[in-house]
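Visitor: I am new to this structure. Could you show me how to read it, feature by feature?

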Amino acid sequence: MNILLTFDYELFFGSKSGSVEHCLIRPTERLVRLCEKYEVKMTFFLDAGYLWRLQKEKDSYPELHKEMDAISHQIKQIVRSGNDVQFHVHPHWEKSFYSEKGWKIETSGCYKLSDFDQVEINGILDRYYHAFCEMTEVKPIAYRAGGWCVQPFSLLVQKFEALGIRYDSSVMPGVSFHSEHYAFDFTDAPRKDNYAFQTDVCLETEKGAFTELPISSMKYSALFFWRLYILGRLFPSRHKMLGDGNFLPQPGRKKKSLMNATVNHVSTDGYFASKLEFYHQSVSKRGQDYSVVIGHPKSMTEFSFEKLERFIAKNRNKHRFITFRDLE
Ligand SMILES: [Zn+2]
């Protein structure tokens, strides 16, 4: 099986953005070291709106200049070490800005691309794409929508065809969520590990120009989430996230997951990493060819680093750890 370990490289979007050092630089350094140690590769979906904002505002604040240097240095190191960087878009950077107090994250009415009209979307994608290319010196071929809000994909088709973006990895089969900020519905997504599509990410289209590699998903019991929340309280040194910001709320989602079994992503984030081995053992028996694991440097914990390392050590000769570039 081909396993794609993917990490969304971004700050937090709740009331506290968190520091670059703790959300990005330090955990990502550890991830890159893991790759070197075990000779595997990972994909980093870089928050291109953040890169664009940084480039735009860096000259007004000396501390932002430093932040930009640290990010730029790390991204170059990711690329040099043979890991992959791809395109992640959180359009709320349109309205978020920097002040002496730090980043002021504004998400109301601008969290997802579909909050904007077609002309605005084209402008955003162009600017973010160029900021991405300038920083990385590579052209992205794969996309992951911020907050999984990739629908309707028809708004992105023309621009993506022009920019050469031909893979998407935003779909989590079986998961849907709607709130003030979020809107995605993958209830009807094909239960396949890769498929072609054209304008609807949930509709396989044989001759479609795009390929979906959905994020692996599985069923989690309510007990899993009780454990997740309780362990975090009892053993913070092992289970506390390394990132120092807070999440944009997802109202109702936590409560639902504590009451009933729910479908969610297969992930390296925190306690989710405890299921990596179990999930991959079961799907490789069923002959699955691809698995996309999602994670975030900011959401890594000491526990998840341990589980991830054990997972890689155990599987590096059994499966192939590839990136989106390897699909070409
Ligand atoms: Zn994101």
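Predicted model: local features only at pLDDT ≥ 70, side-chain atom pairs only at ≥ 80, totals over all residues.

Visitor: How many helices and strands does the chain have?

Guide: The chain has 10 helices and 15 strands. Its C-alpha atoms fill a box of roughly 50 × 50 × 40 Å along the principal axes.

Visitor: What share of the residues is buried?

Guide: Buried means under 20% relative accessible area. Here 56% of the 328 residues in the chain are buried. The chain exposes about 14400 Å², and carbon and sulfur atoms supply 51% of that area.

Visitor: What do the contacts tell me about distance along the sequence?

Guide: Take the contacts between residues at least 6 apart in sequence. Of these, 77% join residues at least 24 apart.

Visitor: Let us turn to strands. How do I read the two faces of one?

Guide: Start with the general idea. In a regular strand the side chains alternate between the two faces of the sheet. Now take S1, residues 2–9. On one side are Asn2, Leu4, Thr6 and Asp8, on the other Ile3, Leu5, Phe7 and Tyr9, and all are buried. Eight of the eight residues of S1 are buried, so S1 is largely enclosed by the rest of the structure.

Visitor: Which strands does S1 pair with?

Guide: Look for bridges. Six join S1 to S14, residues 290–295, in parallel. Within that pairing, leucine 4 stands opposite valine 292. Five bridges join S1 to S2, also parallel. There, aspartate 8 stands opposite phenylalanine 45, and tyrosine 9 has leucine 46 as its bridge partner. Two bridges join S1 to S15, residues 320–321, again in parallel. Asparagine 2 has arginine 320 of S15 as its partner.

Visitor: Is S2 covered or open on its faces?

Guide: Both faces of S2 are covered. Met42, Phe44 and Leu46 lie on one side, Thr43, Phe45 and Asp47 on the other, and all are buried. S2 spans residues 42–47. Five bridges join S2 to S3, residues 84–89, and these strands run parallel. Phenylalanine 45 has glutamine 86 in S3 as its bridge partner.

Visitor: What unit do S1, H1 and S2 make?

Guide: Strand S1, helix H1 (residues 20–38) and strand S2 make a right-handed β-α-β unit.

Visitor: Where does histidine 239 lie?

Guide: Histidine 239 lies in helix H7, residues 236–239. At 15% relative accessibility, histidine 239 counts as buried. Beyond its neighbours within four places in sequence, histidine 239 is in contact with Leu231, Gly232, Tyr271, Thr301 and Phe303.

Notes:
Residues numbered from 1 in each chain as written. Heavy atoms only, no water. Buried < 20%, exposed > 50% of the residue type's maximum accessible area, 1.4 Å probe, protein only. Helix = DSSP H or I, 4+ residues; strand = E, 2+ residues; numbered from the N terminus. Pairing = 2+ DSSP bridges. Right-handed = clockwise from strand over helix to strand, strands pointing away. Contact = heavy atoms within 4.5 Å. Areas by Shrake-Rupley, 256 points an atom, 1.4 Å probe, with all protein chains shown as cover.
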